[in-house]
Amino acid sequence: MAKMTRRQIMALSTGLLASPLIARFAHAQEARIGFLSSQKAGAFDAVIAAFEAANPGIKMQAQNVPFDQLNAQIQARLGAGDTSVDVFTVDEPRVPAYAHKGFLSDLTPMRGEIEAAVTPAALVGSSFKDKLWSFPFWTTSQFLFFNNDLLKKAGLPAPDSDPAKRLTWEDLLTNARTAQKAGAKWGFAFDQNDRYYELQPLYESQGFGPGLSGDGLLTPALTSPGWVKTTEWYRDLYASGLSPRGVAYEQMPALFSSGQVAYMVAGVWHARVFRLAKELNFGIAPMPYFAGGKPVTPTGSWTIGVNPKSARQDAAMKFAKFLTLDGNGALLASTIAPQPPVNKVAFEAYLKRESEAGGGNTAAFAKIISHELANTTVSRPRTIGYVVFEEIMNRMYSDIRNGAEAKSSLERTQAALTAAFSRLE
Amino acid sequence: MMTAHSSSQDTATAHKAAAAPKSHRTVSEGAVAAIFLAPAIVAVLVLRIWPTGLALWQSFHVGAAGRFGLANYTFLFSDPSFHDALAATLLFSLIVNPFQIACALGLALVLNRDLPAGPLWRTLVLLPVAVPQSVSAIIMGVVFRPDGPANALLATIGLPAQGFLTTPEQALYTIILIVSWIGVGYWTTFLLAGLKEIPAALYEAAVIDGANSWQQFRFITLPQLRRPLTFVLVADTVANFLVFAPVQILTKGGPQGSTNLIMNDIYARGFLSGDMRGAAAETGILVAIVVIIVAIQFRMMTGAKSE
């Protein structure tokens, strides 16, 4: 370096220090809206393109993280006042906790507009303490997917698609063992193998409750005989070798696509991946129930929240509305990640599209979903403790699936939840 | 490990700045030094001191009104998950530190000899350091999968397959193996540099006095290596208290909490459970433990010198 005067050095260092500020300023001019979700990259490309075309001057920036990291990202980024997330997906049962923490804009003034566009059940998922905190977006249901070829090989009939004739778990597992003996690598599997979401119906179907009780659902109730018995039933799926151990839930649908599983309970949106799988001959039926109990299916899905600290509230709201209240936008958003939209117009179009897309394989798509959503759904507990409840429960199921004892795990989890709930402020 | 790495870089920057040539009179020497030091000082202040201070400040506040109090700390001491994390971390530290230092010292002694293709071996030992921790963790995760190469190797020599990361009995030890594979090469370089500094004359004199190789190691090598060994001991201990990426990527603290090291517990508490103040208090306890252990280590090493 040649000789530098004091002034030159001062100018240089001031410039260096100021450059991030200048970049930030330039950034702000573009109205760039950050949209954080846990869908695969590209899942919202179509709807974003349509939105940007209709709204010149607004640029969407999709931020995709794995499901397991979404909660951590939201807590870390919104908790620290980060404004690079303007709009984000919020799982329904997390609405109370995030609203309580101030992560969600109050949408109560828009209630009329929202009510007119979506199904009534969906409003519950976006509400907490008589206020509306997020835009209802998707709903979910489950199917019992089955592999026709593997069933034929074992001489088993295809399960009936009529919800009135659904299988009991007892019959299903007997059939699954038969299919496994006849050559299926795995007889039966849950796709979300260690998720409370898909396992809650096992308890609810027999009347054992959601695992939470008391005022505000903040008292863990995991150690009743019914909970222990049902958790042992779940553990035995893996201990007996009927379901695969050590496979992450993201990889479960691929096991079915590649013809390794005879029966799989999985989200309805997997029908798209399965019908795209070559040489997979599958069918759909309603989710089983325990003999003597009642049919219960999981539901609830993502809603769309707006960061109250967003510097571009108007643009952020506009995008959130396009995804949810606009029939065309809602249908476009349910294409690559084909979860049922709760927008009334889009829902009908979605059912028609998905029922027809799979030919004979998915003919019963609309019939089953419509029946389940109207008759058998149970929502996850709505409490400010749900976020920590789900994190701890999923860890417990993962341990049990990999061999931990049911009873002692439930007792330890009960203690961990009691400690964690005492920390909610 | 990153802590040790960046702080040594900081010192290197500081040395360079202090040794800047004195001839340029246009700007005073102090100003030049200040400008060169500024990035390092700003980085330390903004990235380390400030967040730590903020965390400690948060950890002493309770309730929605944010009153001053010790409740975050008293809660932690009653929380079974914190007890388990503390126990796992202490067990981990008691094993991993002596193990890594012994491996590093052994490797340094071997590499210090005139081996055929010496530089090649040195490069191979240092190579894992150049790979990001997260990548190493993923690679080793594949190696130790139940159907992975580690079990295939065991099978070829007739041993039964092991659960490794999937069983609570073996997971912590597998993590120890993995972080050691990642870290040992780094510590070896410091010890190797120390070995190169020992004057050959000392060994020649010892040989004339009839000292055998063990005596040479015990009375020349070890005392002469005290300074690099102190550094490695302290820096390695600190680094191992801060192990996070391999745990987060491979086990997330499981199975059954067996690898829930304190850093992972802090992460889960703060970002998964949303208990930021509890996580801040746990950070405070971690910092206190590390400071106490490092102080004891310094005391022991200086005590050994005066004997």
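1. A:Val296 counts as buried, because it has 22 C-beta neighbours inside 10 Å, where 20 or more are required. The model is a predicted one, and this point should be read accordingly. In chain A, A:Val296 lies in the loop that runs between E12 and strand E13 (297-298). Leaving aside residues up to four places away in sequence, A:Val296 touches A:Pro201, A:Glu204, A:Ser205, A:Tyr289, A:Thr376 and A:Val378.

2. Helix H9 (residues 196-204) of chain A deserves mention next. H9(A) is mostly covered, with 9 of its 9 residues buried. The buried residues of H9(A) include A:Pro201 and A:Glu204, both of which are touched by A:Val296. A:Leu202 is another of the buried residues of H9(A). Also buried in this helix are A:Tyr196, A:Tyr197, A:Glu198, A:Leu199, A:Gln200 and A:Tyr203.

3. The sheet that contains E12(A) is open and has 4 strands, in the order E8-E11-E7-E12 (chain A), with mixed pairing. Strand E8 (186-190) and E12 of chain A are the edge strands; each has a single partner strand, so one side of each is left without a neighbour in the sheet. From one strand to the next, the twist averages 20°.

4. Two of the pairings in this sheet can be described in detail. Strand E7 (residues 142-147) of chain A pairs with E12(A) in the antiparallel sense, over 4 bridges, and A:Asn147 stands opposite A:Phe282 in E12(A). E7(A) also pairs in the antiparallel sense with strand E11 (residues 261-267) of chain A, here over 5 bridges. In that pairing A:Gln142 stands opposite A:Gly267 in E11(A).

5. Which residues of E12(A) are buried on one side, and which on the other? In a regular strand, side chains alternate between the two faces of the sheet. In strand E12 (residues 282-285) of chain A, A:Phe282 and A:Ile284 are buried on one side and A:Gly283 and A:Ala285 on the other, and both faces are covered.

6. Chain B has 14 helices and 2 strands. Of its 307 residues, 31% count as buried. Among contacts in chain B between residues at least 6 apart in sequence, 68% are between residues at least 24 apart.

7. Helix H13 (residues 262-272) of chain B has 11 of its 11 residues buried, so it is largely enclosed by the rest of the structure. Among these buried residues are B:Asn264, B:Asp265 and B:Arg269, together with B:Ile262, B:Ile266 and B:Phe271. Just after H13(B), B:Gly274 adopts a positive phi of about 75°.

8. The packing of helix H8 (residues 171-197) of chain B against helix H11 (residues 226-241) of chain B brings their axes within 9 Å, with a crossing at roughly 165°. H8(B) is therefore roughly antiparallel to H11(B). Their crossing is right-handed. From H8(B), the residues B:Gly183, B:Trp187, B:Phe190, B:Leu191, B:Ala193 and B:Gly194 meet B:Arg227, B:Pro228, B:Phe231, B:Val232, B:Asp236 and B:Ala239 in H11(B). By class, this contact comprises 8 nonpolar, 2 polar and 2 charged residues.

9. H8(B) also packs against helix H6 (residues 133-143) of chain B: the axes come within 10 Å and cross at roughly 135°. H6(B) and H8(B) are therefore oblique to each other, and the crossing is right-handed. B:Gln133, B:Ser136, B:Ala137 and B:Met140 of H6(B) make the contact with B:Ile178, B:Trp181 and B:Ile182 of H8(B). The residues of this contact divide into 5 nonpolar, 2 polar and no charged.

10. Finally, the contact between the chains takes 27 residues from chain A and 22 residues from chain B. On the side of chain A that touches chain B, helix H1 (6-28), helix H3 (67-79), helix H17 (386-401) and helix H18 (406-421) of chain A each supply at least two residues. H17(A) provides the largest share, 6 residues. The residues on this side of chain A divide into 11 nonpolar, 8 polar and 8 charged.

Terms used:
Residues are numbered from 1 along each chain as its sequence is written. Chains are lettered from A and ligands numbered from 1 in the order in which they are written. This is a predicted model: local features need pLDDT of at least 70, side-chain atom pairs count only at pLDDT 80 or more; totals for chains, interfaces and linings use all residues. Axes are lines fitted to C-alpha atoms, for helices over the stretch in contact, and angles run from 0 to 180 degrees between N-to-C directions. Angles under 35 degrees count as roughly parallel, over 145 as roughly antiparallel, 65 to 115 as roughly perpendicular and the rest as oblique. A crossing is left-handed if the near helix is turned anticlockwise from the far one by less than a right angle, and right-handed if clockwise. Two residues are in contact if their C-beta atoms, placed from the backbone, lie within 7 Å. Ala, Val, Leu, Ile, Met, Phe, Trp, Tyr, Cys and Pro count as nonpolar, Asp, Glu, Lys and Arg as charged, and the others, Gly among them, as polar. A residue is buried if 20 or more other C-beta atoms lie within 10 Å of its own, exposed if 12 or fewer, and partly exposed in between; C-beta atoms are placed from the backbone. Two strands pair if DSSP finds at least two bridges between them.
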